[in-house]
Amino acid sequence: MQKNWYAVYTKPRCEKKVASLFTKRKIENFFPVNFRRIKSFRHIKILREPLFKSYVFVNTTLAEIDLLKQVSGVISILYWRGEPAVIKQDEIDAIKEFTRYYRYIELDRADVNIHDVARVVDSPSYSIKGNAFAVKNKTLKVSLPSLGYIMIAKIEDGNFFGSEVSYKANRLRIHNETGHR
């Protein structure tokens, strides 16, 4: 049987525990982590927290879905129209790349359309081939249509031109709309 990525819904604040239990059972999983700044009176604290609250992504077959529900801390599987929702490999790759290179990621809700492809959000000043990313005003956005989210990160580096972004094992150069590098 073919393996697909599914989103497992966990009890609140149990994502890390569930991911480690999947790892112990040799079930491939992905638990994206985000950073958040908290300013207090005297200093700034940086916290690590789940990017998608109460979700762990699991790569498994449809026949093994019922076994996932038996893991401590798992409430359910994310469903779409009565079937377990399949998360596209491209979107999992985009989340992995995004969390590897950017901190302080924000999530915005978007319409869920499982048949859409990852697309450019807004009208970008700079864009990357494949329409998976959009860069505008030092903000990078990635649309995740099967999850119904848009990931947003502020870019701390001031220069976009000539920089390279790895996506799906391809090295892609950022160009402006006129095609100049």
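Trainee: Which element gives the most to the lining of the second largest pocket?

Mentor: Strand S4 does, with three residues. Helices (DSSP H or I, at least four residues) and strands (E, at least two) are DSSP runs numbered from the N terminus. Bear in mind that this is a predicted model, where local features need pLDDT of at least 70 and side-chain atom pairs count only at pLDDT 80 or more, while totals for chains, interfaces and linings use all residues. Numbering starts from 1 along each chain as its sequence is written, and side-chain values use heavy atoms, leaving out hydrogens and water.

Trainee: Which residues line the second largest pocket?

Mentor: The lining is Pro12, Arg13, Glu15, Lys16, Phe31, Val33, Arg48, Glu49, Pro50, Lys53 and Ser54. A pocket is an open set of points on a 1 Å grid where a 1.4 Å probe fits, with protein on both sides within 12 Å along at least five of seven lines, and lining residues have an atom within 4 Å of a point. Helix H1 (15-24) and S4 (44-50) each supply at least two of the lining residues.

Trainee: How many of those lining residues are charged?

Mentor: Six are charged, four are nonpolar and one is polar. Asp, Glu, Lys and Arg count as charged, and Ala, Val, Leu, Ile, Met, Phe, Trp, Tyr, Cys and Pro as nonpolar, with the others, Gly among them, as polar.

Trainee: Is Arg13, from that list, buried or exposed?

Mentor: Arg13 is exposed, with a relative accessible area of 81%. Exposed means over 50%, buried under 20%, and partly exposed in between, with a 1.4 Å probe and protein chains only. Arg13 sits in the loop between S1 and H1, and its phi is positive, about 60°, although it is not a glycine.

Trainee: Where is Lys26, then?

Mentor: Lys26 is in the loop between H1 and S2. Its phi is also a positive value, near 60°. At 76% relative accessibility, Lys26 counts as exposed. Most residues other than glycine have a negative phi.

Trainee: Back to the helix. Which residues in H1 are buried?

Mentor: Glu15, Val18, Ala19 and Phe22 are buried. Seen down the axis of H1, they fall within an arc of 100°, so they line one face of the helix. That arc is taken from the directions from the helix axis to the C-beta atoms. The face turned away from the buried side carries the exposed residues Lys16 and Lys24.

Trainee: New topic. How many residues are in the largest nonpolar core?

Mentor: The largest core has 22 residues, and Phe52, Phe57, Ile95, Phe98, Leu147 and Met151 touch the most other members. S1, S5, helix H3 (89-101), strand S13 (139-144) and strand S14 (149-154) each supply at least two residues of this core, and H3 gives the most, with four. A nonpolar core is a set of buried Ala, Val, Leu, Ile, Met, Phe, Trp, Tyr and Cys residues joined through side-chain atoms within 4.5 Å.

Trainee: What does the second, separate core include?

Mentor: That core has 13 residues, including Leu68, Val71, Val74 and Ile77.

Trainee: And how far apart are Lys88 and Ser146 in space?

Mentor: Lys88 and Ser146 are 7.3 Å apart, C-alpha to C-alpha, and 58 residues apart in sequence. Lys88 is in the loop between strand S9 (86-87) and H3, and is partly exposed at 28% relative accessible area.

Trainee: Last one: how many helices and strands does the protein come to?

Mentor: There are three helices and 17 strands. Of the 181 residues, 44% count as buried.
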